[in-house]
Amino acid sequence: MPQKQKSRSWTELKQAGNECFKTGQYGEATNFYSQAIKELEKSNKKNPEDLGILYSNRAASYLKDGNCGECVKDCNMSLELFPFNVKSLLRRAAASEAVERYRQAYVDYKTALQIDCNIAAAHDGTNRMTKALTEADGPSWREKLPPIPTVPLSVREKLAQQSAAKAGQPNQPKPAVQQNGTTQTNKPPPSDKEIKKGQALKDEGNALVKKGEHKKAIEKYSQSLKHNPTEVTTFTNRALCYLSVKQYRDAVRDCDEALMIDSSNVKALYRRAQAHKELKDIKACVDDLNKLLKVEPKNTAALKLLQEVQKKKK
């Protein structure tokens with residue numbers, strides 16, 4: 001640490017906070033970010049976005065120290081100053097999840113996905129919250145949710161560009177394009193109108209599945225994906241239908257697409273494993289089941305299928 005006693009600028013204090021954060025000194029990082037916030041608030045060049053980022057960075061330190069209440073407060077401040085900041089949304093979601101405020105966490109994860117549909121952490125979080133809320137509130141859990149804010153398209157495009165530009169900075173989640181080699185981040189996100197149309201067609205597909213009409217459901221899911229190609233569950237639902245009509249290669253393809261968006265999606269891993277089993281690719285089947293069991297070690301369906309295919313290998 002520099003021994004100089006002269007007062008440091010807010011940018012120097014922020015940098016010192018970042019260095020402490022990287023080495024796991026979260027208490028020290030919190031102190032530096034607090035000093036940086038005071039300095040920036042005193043200065044004449046107070047930029048709301050810069051101040052929002054400082055609050056978000058301090059929130060990250062609080063979160064790492066398990067101080068979820070202060071994390072949420074800082075994220076709230078950050079989002080007032082810098083609306084729809086993805087990092088603040090994800091940090092508030094993680095803090096809410098830690099204290100079992102699953103509805104608020106779900107809303108924040110879903111809001112983050114409107115801005116960038118390739119954030120694996122947000123997809124994983126949405127899946128966890130869906131599971132937790134279904135267990136807590138039953139099938140009608142969505143009715144009890146607070147409203148999910150609509151992110152204006154202009155904001156989405158601006159923030160997606162900023163997110164891509166800042167990919168090299170400390171604490172920045174890497175964009176999915178680096179994780180899976182796809183170029184999906186370059187596509188403009190679907191508009192609100194397209195998302196709604198896609199959801200309506202997906203719901204029609206779901207109703208057909210319940211009636212056992214899998215081929216008709218495939219058509220509805222395919223139409224839905226034309227409107228919103230970023231919805232993981234549409235791919236996994238169509239994969240289920242392909243399994244039912246014995247189009248196993250198509251099922252694998254849909255699961256691949258789903259896993260590009262959400263790398264640890266349990267349904268995609270399980271359905272791809274089922275398809276690989278039918279295609280007699282036992283190694284790929286076992287690989288998928290092992291990946292799934294890292295996410296959900298007690299998944300009974302996966303454990304059963306793994307036992308079954310390992311018997312066949314002998």
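This is a predicted model: local features need pLDDT of at least 70, side-chain atom pairs count only at pLDDT 80 or more; totals for chains, interfaces and linings use all residues.
Figure 1. Is Asp254 buried or exposed? Its relative accessibility is 3% and the limit for buried is under 20%, so Asp254 counts as buried.

**Figure 2. The loop residue Lys280.** The loop that holds Lys280 runs between H14 and helix H15 (282-295). Phi of Lys280 is near 65 degrees, a positive value, and the residue is not glycine. With a relative accessibility of 69%, Lys280 counts as exposed.

**Figure 3. The salt bridge between Glu97 and Arg128.** Side chains of opposite charge can pair when their charged atoms come close. In the pair formed by Glu97 and Arg128, the closest N and O atoms are 2.7 Å apart. How accessible is each partner? Glu97 counts as buried at 17% relative accessibility, while Arg128, at 40%, counts as partly exposed. A search of the whole structure finds 17 salt bridges.

**Figure 4. The salt bridge between Lys216 and Glu213.** The closest N and O atoms of Lys216 and Glu213 are 3.4 Å apart. Glu213 has a relative accessible area of 29% and is partly exposed.

**Figure 5. The salt bridge between Glu308 and Lys277.** The side chains of Glu308 and Lys277 meet at 3.1 Å, N to O. Which helices does this pair link? Glu308 is in helix H16 (residues 300-313) and Lys277 is in helix H14; they are 31 residues apart, and the pair links distant parts of the chain. Glu308 is partly exposed, with a relative accessible area of 34%, whereas Lys277 is buried, with 16%. Elsewhere, salt bridges that share partners join Asp256, Arg272 and Asp288 into one network.

**Figure 6. The largest pocket and its lining.** Rolling a probe the size of a water molecule over the atoms shows where empty space is left. About 1800 Å³ of space lies in the largest pocket. Its lining consists of 50 residues, and those nearest the centre are Tyr106, Lys110, Thr126, Arg142 and Glu231. Two or more lining residues come from each of helix H6 (102-115), helix H7 (120-137), helix H10 (192-210), helix H12 (232-244) and helix H14 (266-278). Which element gives the largest share of the lining? H10 does, with nine residues. Sorted by class, the lining has 15 nonpolar, 19 polar and 16 charged residues.

Terms used:
Residues are numbered from 1 along each chain as its sequence is written. Side-chain values use heavy atoms; hydrogens and water are left out. On a 1 Å grid over the protein atoms alone, a cavity is a set of points where a 1.4 Å probe fits but cannot get out, and a pocket is an open set with protein on both sides within 12 Å along at least five of seven lines; lining residues have an atom within 4 Å of a point. Grid points are joined across faces, edges and corners, and a volume is the space filled by probe spheres set on the points. Helices (H or I, at least four residues) and strands (E, at least two) are DSSP runs, numbered from the N terminus. Ala, Val, Leu, Ile, Met, Phe, Trp, Tyr, Cys and Pro count as nonpolar, Asp, Glu, Lys and Arg as charged, and the others, Gly among them, as polar. Buried means under 20% relative accessible area, exposed over 50%, partly exposed in between (1.4 Å probe, protein chains only). A salt bridge is a side-chain nitrogen of Lys or Arg within 4 Å of a carboxyl oxygen of Asp or Glu.
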